[in-house]
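Hi,

Here is the structure I promised to pass along. Please have a look when you get a moment; my notes follow below.

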Amino acid sequence: MTETVTTTATTPTPHPEFPMARASGCPFDPPPALREQRNGEPVSRVRLWDGSNPWLITRHDQVRALLGDPRISADPTRPGYPHRDAGAKARAETRQTFITMDDPGHARLRRMVTAPFAIKKVEAMRPAIQKIVDDLLDTMLAAPGPVDLVEAFALPLPSLVICELLGVPYDKHDFFQKHTKVLVRRNGDPQEVIAASEALIDYLQGLLADKLAEPGDDILSDLATKRVATGELTAREAAEMGSLLLAAGHETTANMIALGTVALLQHPDQLALLRDSDDPKLIAATVEELLRYLTIVHSGRLRVALEDIEVGGVTLRAGDGVICATDIANRDPELFADPDRLDLTRDARRHVAFGFGVHQCLGQPLARVELQVVYSTLYRRIPTLALAAGVDELRFKHDGVIYGVYELPVTW
Amino acid sequence: MRVKVDQPKCVASGQCVLAAPAVFDQDDDGIVRILVDRPEAAHHEDVKESVAVCPAAAIWVEEEE
Ligand code: SF4
């Protein structure tokens, strides 16, 4: 039995298990039990794989307030932290990057890599991203259909972009895609998870050494020459940071492209709106709405309370685990009218798909530009794009940290 | 309306620049900079949106007469 930090009087009814299952046949909506939770007791305890009972937070305003609260920690080595599974728990002990640190350590490290993600720098990459998209689509269209959109397009795009930015040779992509996949799978074998994580770090450490000898214009060269050479970071810390950016750049955008395509194809009226418009405002709004509607980070944001915190009449005690369910928060009717409707014309900018607080996604400006280019190009260039399999035949990533589809067969 | 920022709090997410490009910019490291601290009325809504979407509570406004 794992001992849990139970401070308030508990009721005899067992806490619901987390994560909860989505409804069969409904690939886009969050689990119905999660919705019931929000409608009933929006702050309540759940039960995790290890028997611990963290709090689940489901309302948008409360999720935002908590994720922005300095009395809450993202450090998985603290007792009470709600580990996603045994693999994630094991890995947390071997490696600390800024996403798992609190300020001031978090701010110090994060600021070392914020420069390339500033809006103007990312905007300047738009033509290069457009070119990658066009080239990938040329190649895809030259093949006889059906093709797997994930393999032909959704994954190579973000992979090429993040490799370029980091200064990682793209021809190694089989190697790091393989390891990244292990890291984003739920319930992976802990030893396998650590091995994958270490393999990536080793590889990047080698690359950092090369960059020190022969720097280029990329993030790893910057880290090598400005941080490792000066002793500000150890080579391992720099490699951990590189592996975080590499992995984060892969699975997220790729799944937004593939799953977003499934969603749009299932909503032809919305797709038509997008296809017939070249208004950058509608395209930007499309990206925000799909981020809100799909919220592919569906395993919640995990935290632990450092002090007693009062939320919606409930007191979270210091040391209690907290799961902020950003997916159901993004379907909160208090903020988004008719939240289960995909509506590209709504203002969805206050979604929390990138999280909230100091840990909000660092790569979001890049993700936005990539998705804007994709969504404004793909369906216009291939107006006849269609699924080559029934939606019920697709394999959805119910078991992933990031939701999406494993493959997406399409024709045109 | 007077716009205030707290740069040490900023996490360089760029949300403010997207919501109110006439009022906010980022320095070379992505940290928020104010372009005009007393924006025209036409930009007030955008500034309020920036305050709402800033993840780090690094922006706020003080109302003036
Ligand atoms: S939105 Fe907030 S955190 Fe993001 S760049 Fe602007 S001030 Fe900084």
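**The ligand and the chain contact**

The ligand takes up the space of the second largest cavity. Please keep in mind that this is a predicted model.

The residues around the ligand come from chain B: Cys10(B), Val11(B), Ala12(B), Ser13(B), Gly14(B), Gln15(B) and Cys16(B), then Val32(B), and finally Cys54(B), Pro55(B), Ala58(B) and Ile59(B). Sorted by class, nine residues of this shell are nonpolar and three are polar, while none is charged.

Now to how the two chains meet. On the chain B side, 23 residues are in contact with 19 residues of chain A. The two chains bury about 1700 Å² between them, with 47% of that on carbon and sulfur atoms. Within chain B, the most area is lost to chain A by Val11(B), Glu49(B) and Pro55(B), which together make up 28% of what that side buries. Of these, Val11(B) and Pro55(B) are also among the residues around the ligand.

One salt bridge joins Lys120(A) to Asp25(B), with the closest N and O atoms 2.8 Å apart.

Best wishes

How values were computed
Residues are numbered from 1 along each chain as its sequence is written. Chains are lettered from A and ligands numbered from 1 in the order in which they are written. This is a predicted model: local features need pLDDT of at least 70, side-chain atom pairs count only at pLDDT 80 or more; totals for chains, interfaces and linings use all residues. Side-chain values use heavy atoms; hydrogens and water are left out. A residue is near a molecule or strand if one of its heavy atoms lies within 4 Å of it. On a 1 Å grid over the protein atoms alone, a cavity is a set of points where a 1.4 Å probe fits but cannot get out, and a pocket is an open set with protein on both sides within 12 Å along at least five of seven lines; lining residues have an atom within 4 Å of a point. A molecule sits in a cavity or pocket if more than half of its atoms lie within 2 Å of its grid points. Ala, Val, Leu, Ile, Met, Phe, Trp, Tyr, Cys and Pro count as nonpolar, Asp, Glu, Lys and Arg as charged, and the others, Gly among them, as polar. Contact means heavy atoms within 4.5 Å. Buried area is the accessible area (1.4 Å probe) that two parts lose on being put together, summed over both. A salt bridge is a side-chain nitrogen of Lys or Arg within 4 Å of a carboxyl oxygen of Asp or Glu.
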